[in-house]
Amino acid sequence: MATKAARTDSKTIDAGSRMSWEVLETCAAVQSRSVAKGGPPRPASQAEDVSKTIAVRSKTRVKSDHPTLRIRPNLLNLPLTDTRLMERLQRARLFRDSLGPYEAEVICGPESDLHKTYDDCKKNPDHAHFKPVRAFTFGDMPLPYRNPGLYRLLQILAFLTVRVSVATVSDKRKGTQNEVFKKVESCNRFLRYGTGRVSGVQVFNTRQGKHCACPECLQSDAPQMTWGFVDVITAKHVVFYQDEARATTCRWGYDGDDSAEINLIGFKAKFSVNETDDWCKLRCVSHDVKLLSKLEKNLTKYNSSALELYDSWRMSKKKSPPKFIAIVSHPHGCPKQISFGFLRKRVNVGGVDLKYIYTAATCHGSSGASVFLLGRDGRNGLYNQIHSGMNKDESEKVTPNYGNFSVAVSH
Ligand SMILES: [Zn+2]
Ligand SMILES: [Zn+2]
């Protein structure tokens with residue numbers, strides 16, 4: 001969602017109307033922009049944790065009968081709280097490493113572990129090629145692609161992007177390439193994170209005489225009469241089966257740690273059938289009529305703007321193949337960020353399904369994010385692309401993000 005400053009930018013550039021793609025074409029090739037470092041702001045509770053840890057550490061040095069020393073004499077400098085945290089992070093790291101190319105995020109403890117995981121990131125250690133969507137302005141767009149229409153479209157894409165968290169592991173994963181998620185016995189609390197995009201909204205109201213179908217309302221004597229479905233596209237390795245869909249929460253508007261917690265509750269889902277595909281169309285329920293209306297309006301705007309942009313790009317650059325990629329995702333399950341890059345390769349993996357390989361930065365937690373490709377997205381009837389993971393062989397060739405790939409999903 002755009003910040004006040006970003007909205008002001010948008011208004012200003014509206015007056016200048018659409019920039020000519022031909023003029024932009026004469027500019028230099030896109031260079032990945034280094035953006036704000038340091039990641040998302042930390043919640044106050046974490047700052048308190050750190051100061052507590054320091055306090056406990058200095059205490060252990062002077063007081064030999066501290067409980068930490070009695071329980072674990074070999075860990076003189078590590079209070080128990082730190083040891084537990086390290087064990088949790090280590091377990092989560094093992095799960096993450098076992099995911100192969102997939103980029104879901106995994107934690108074995110409270111959500112504050114996500115920030116620690118963000119800080120420990122090996123793929124994009126400083127996250128310099130990500131920009132928090134809250135601070136995203138027109139000037140952050142790569143120079144040849146600074147087009148008002150494209151900027152507005154990416155703002156709407158950010159508005160429609162949600163963080164997906166799943167609190168269970170389906171037995172149906174057994175025997176599939178997603179079996180790695182089965183290895184969770186040693187975690188007391190296991191959460192898997194990815195990203196999704198709103199792809200459909202249906203609102204029902206009292207006049208239609210249909211009450212809400214969510215589990216809570218089905219058991220209630222006074223079910224909600226005004227409610228709606230929100231469809232979210234994400235990756236199948238994030239939400240694998242119906243039992244996982246019911247244990248899924250999509251957090252909307254998570255732009256910063258001070259964002260209000262607004263959740264859409266997973267209800268049921270459709271999934272890609274074969275192993276090479278990796279998409280899930282998740283259906284969520286919400287009773288928040290204002291939110292439903294906002295999502296519906298923005299989705300309509302997104303679809304019409306994407307088509308308009310596609311037409312304008314095709315009209316002006318018929319001979320130039322599409323290459324500019326933008327991804328809005330929740331790296332490490334932390335607040336929403338945007339990244340840019342190039343399409344490097346298209347691979348046909350059977351039938352009409354295409355795998356795209358590109359350089360836009362992604363991390364664990366980016367799985368399931370919509371991949372916007374300028375000059376392709378927006379055309380009616382074409383497939384969308386869903387970020388799936390990173391091909392390590394490809395990535396070794398050029399940059400850490402070179403082997404990032406997505407799979408196709410029909411509308
Ligand atoms: Zn990262
Ligand atoms: Zn309900």
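**Note on the predicted model**

1. Confidence in the protein chain is highest in strand E2 (residues 131-132), at a mean pLDDT of 98, and lowest in helix H4 (residues 67-71), at a mean of 30. This is a predicted model. Over the protein chain the mean pLDDT is 78, and 73% of the residues reach 70 or more.

2. Two stretches call for caution. Across residues 22-41 the pLDDT stays under 50, and the model has 44 contacts beyond four places in sequence for them. Residues 43-80 also have pLDDT below 50, with 27 contacts in the model beyond near neighbours in sequence. Where pLDDT is low, the coordinates should not be read in detail.

3. Helix H7 covers residues 148-159. Its twelve residues, at 1.5 Å each, should span 16 Å, and the end C-alpha atoms lie 17 Å apart, which agrees. The expected span is 1.5 Å times one less than the number of residues, because that is how it is defined.

4. A residue counts as buried if 20 or more other C-beta atoms lie within 10 Å of its own. The buried residues of H7 are Leu150, Tyr151, Leu153, Leu154, Gln155, Ile156, Leu157, Ala158 and Phe159.

5. Helix H10 runs over residues 289-316. Buried residues in H10 are Leu292, Leu295, Leu299, Tyr302, Ser305, Ala306, Leu309 and Trp313.

6. How do H7 and H10 lie relative to each other? Their axes come within 10 Å and cross at roughly 150 degrees. That makes H7 roughly antiparallel to H10, since angles over 145 degrees count as such. The crossing is left-handed.

7. On the H7 side of this pairing, the residues that meet H10 are Gly149, Leu150, Arg152, Leu153, Ile156, Leu157 and Phe159. In H10 they meet Asn298, Lys301, Tyr302, Ser305, Ala306, Glu308, Leu309 and Ser312. Among these, Leu150 and Phe159 are buried in H7, and Tyr302 and Leu309 are buried in H10.

8. Phe204 belongs to strand E4 (residues 191-204). With 18 other C-beta atoms within 10 Å, Phe204 is partly exposed. Beyond its neighbours within four places in sequence, Phe204 is in contact with Lys210, Trp227 and Gly228. Gln224 is 20 residues from Phe204 in sequence, and their C-alpha atoms are 10.0 Å apart in space.

Note on methods
Residues numbered from 1 in each chain as written. Chains lettered and ligands numbered in written order. Predicted model: local features only at pLDDT ≥ 70, side-chain atom pairs only at ≥ 80, totals over all residues. Helix = DSSP H or I, 4+ residues; strand = E, 2+ residues; numbered from the N terminus. Buried ≥ 20, exposed ≤ 12 C-beta atoms within 10 Å, placed from the backbone. Contact = placed C-beta atoms within 7 Å. pLDDT = per-residue confidence, 0-100. Axes fitted to C-alpha atoms, helices over the stretch in contact; angles between N-to-C directions. Parallel < 35°, antiparallel > 145°, perpendicular 65-115°, else oblique. Left-handed = near helix turned anticlockwise from the far one by under 90°.
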